Amino acid sequence: MKTSWRNASLVAGAAAVLALTTACGQDGGAASGSQNVGATAAPGDVGTLGTGVGDGLGAEGGQASAAPPVSAGKLSVSANAELGELVTDGGGRTLYRFDQDTAQPPRTTCEAGCATAWPPVAADDAIAGEGIDKSLLGEVTRADGTKQLTIGGRPAYRYAKDAVGEVKGQGVGGKWYALAPDGKKAGAADPAGLSTRDDPELGEIVVDENGMTVYRFMKDEAWPEPVSACTGACLEKWPVVAPVEANDTKGVVKKGLMGFTRPDGAAQQTVDCWPIYTFAGDKKAGDTNGQGVGGTWYAVAPDGKPVGAPKK
């Protein structure tokens with residue numbers, strides 16, 4: 001990028017993960033290292049999604065896209081009547097963020113056909129224009145080795161169906177949103193990274209920043225260190241919840257609230273030291289389609305206990 005700064009957001013994100021990471025069963029302590037993942041979950045444990053589980057990507061599967069990221073140019077802030085301030089690239093096109101990506105640490109999950117519908121924005125030629133805090137700009141390395149622009153840690157994309165000044169990508173698939181100058185969703189309130197809601201059937205359960213139900217896998221381990229038994233294809237159906245800062249939670253018991261690094265390099269959040277996930281079969285906030293799947297997946301209570309799990 002044509003600036004003298006380096007990736008401040010990456011450093012801040014890594015520090016946040018380390019700050020959350022303490023030995024389980026303690027209120028504090030030394031940071032724990034990467035954990036070994038247990039056995040891969042059996043097919044009957046991950047559940048089946050069936051057909052019609054779209055993700056707003058425009059295409060699914062395939063190998064990492066070889067197409068280079070599109071030019072960023074001089075970024076600027078544009079005013080939208082409905083969304084307020086949002087970021088546009090040097091050509092006046094709206095930039096977007098994807099809910100399945102993570103910011104702490106920055107990680108992009110849009111590849112292959114997805115990257116055709118949502119071209120990643122290059123980091124190398126990005127310039128902070130008026131209204132853009134250059135300290136919030138950074139980069140993330142994609143699977144093909146190219147560098148993608150991040151804003152507030154969030155990987156930035158364009159939408160192939162947008163013309164200059166358009167925001168047709170807003171809300172697509174319930175996962176794509178225009179980027180505000182701070183990296184958050186344009187026009188959206190800033191919800192807590194983890195909070196709770198009262199479900200009419202399950203009671204008080206934990207949800208992520210998008211209101212999606214959070215789950216536990218009964219084959220995971222929590223003590224003395226978190227260990228996830230959900231690997232490979234399991235993670236396609238049960239995406240991990242990325243770490244959040246303790247002060248970015250509401251209603252969740254903070255003891256045992258920490259992040260840990262999986263062997264695949266991804267960072268994952270825990271509640272009461274238990275790894276937590278969302279379910280790809282939940283399509284909107286309030287869905288609990290993952291509850292009881294395979295007799296091993298259950299919603300999470302504020303104290304980390306699995307809601308509705310059989311007593312041992």
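This briefing walks through the disulfides, sheets, aromatic pairs and confidence of the structure above.

The model is predicted, so local features need pLDDT of at least 70 and side-chain atom pairs count only at pLDDT 80 or more, while totals for chains, interfaces and linings use all residues. Residues are numbered from 1 along each chain as its sequence is written, and side-chain values use heavy atoms, with hydrogens and water left out. The structure has two disulfides and 13 aromatic pairs, and its pLDDT averages 82.

**Confidence**

- The protein averages a pLDDT of 82, and 78% of the residues score at least 70; pLDDT is the predictor's confidence in each residue, from 0 to 100.
- Residues 27-44 have a pLDDT below 50, yet this stretch has 39 contacts in the model beyond near neighbours in sequence (contact means heavy atoms within 4.5 Å).
- Residues 48-66 also stay under 50 in pLDDT, and here the model has 41 contacts beyond four places in sequence.
- Where pLDDT is low, the predicted coordinates should not be read in detail.

**Disulfides**

- There are two disulfides in the structure, a disulfide being a pair of cysteine sulfur atoms within 2.5 Å.
- One of them links Cys-110 and Cys-114, with the sulfur atoms 1.9 Å apart.
- The link of Cys-110 and Cys-114 is left-handed, at -110° about the S-S bond.
- Cys-110 counts as buried because its relative accessibility is 0%, and Cys-114 is buried with a relative accessible area of 2%; buried means under 20% relative accessible area, exposed over 50%, and partly exposed in between (1.4 Å probe, protein chains only).
- Cys-230 and Cys-234 form a disulfide too, with their sulfur atoms 1.9 Å apart.
- For Cys-230 and Cys-234 the angle about the S-S bond is -110°, a left-handed link.
- Cys-230 and Cys-234 are both buried.

**Sheets**

- Helices (H or I, at least four residues) and strands (E, at least two) are DSSP runs, numbered from the N terminus, and two strands pair if DSSP finds at least two bridges between them.
- E7 and strand E8 (residues 147-151) run antiparallel and are joined by five bridges.
- Take Glu-139 as an example: its bridge partner in E8 is Leu-149.
- Another open sheet of three strands runs in the order E14-E15-E16, and its pairing is antiparallel.
- At the edges sit E14 (258-261) and E16 (274-275), each of which pairs on one side only.
- Strand E15 (residues 267-271) runs antiparallel to E16, with two bridges joining them.
- Thr-270 has Pro-275 as its bridge partner in E16.

**Aromatic pairs and charges over rings**

- The structure holds 13 aromatic pairs: rings of Phe, Tyr and Trp (its six-membered ring) pair if their centres lie within 6.5 Å, with planes under 30 degrees apart counted as stacked, over 60 as edge-to-face and the rest as tilted.
- Phe-217 and Trp-297 make a stacked pair, at 4.3 Å centre to centre and 10° between the planes.
- This pair links distant parts of the chain, with Phe-217 in strand E13 (residues 215-217) and Trp-297 in strand E17 (residues 297-299), 80 residues apart.
- Phe-217 counts as buried at 0% relative accessibility, and Trp-297 is buried at 0% as well.
- Trp-223 and Trp-274 form an edge-to-face pair because their ring centres are 5.4 Å apart and their planes are at 90°.
- Trp-223 lies in the loop between E13 and helix H4 (233-237) and Trp-274 in strand E16, so the pair ties together parts 51 residues apart in sequence.
- Trp-223 is partly exposed at 42% relative accessibility, whereas Trp-274 is buried at 15%.
- Arg-216 lies over the face of Trp-274, at 3.8 Å from the ring centre; a charge sits over a ring if NZ of Lys or CZ of Arg is within 6 Å of the ring centre and within 35 degrees of the ring normal.
- Lys-185 lies over the face of Tyr-177, at 4.3 Å from the ring centre.
- Tyr-96, Phe-98, Trp-118, Tyr-157, Tyr-159 and Trp-176 form one aromatic cluster.

**Around Thr-278**

- Thr-278 is in the loop between E16 and E17, and counts as buried at 15% relative accessibility.
- Beyond its neighbours within four places in sequence, Thr-278 contacts several residues, including Asp-208, Tyr-215, Trp-238 and Val-241.
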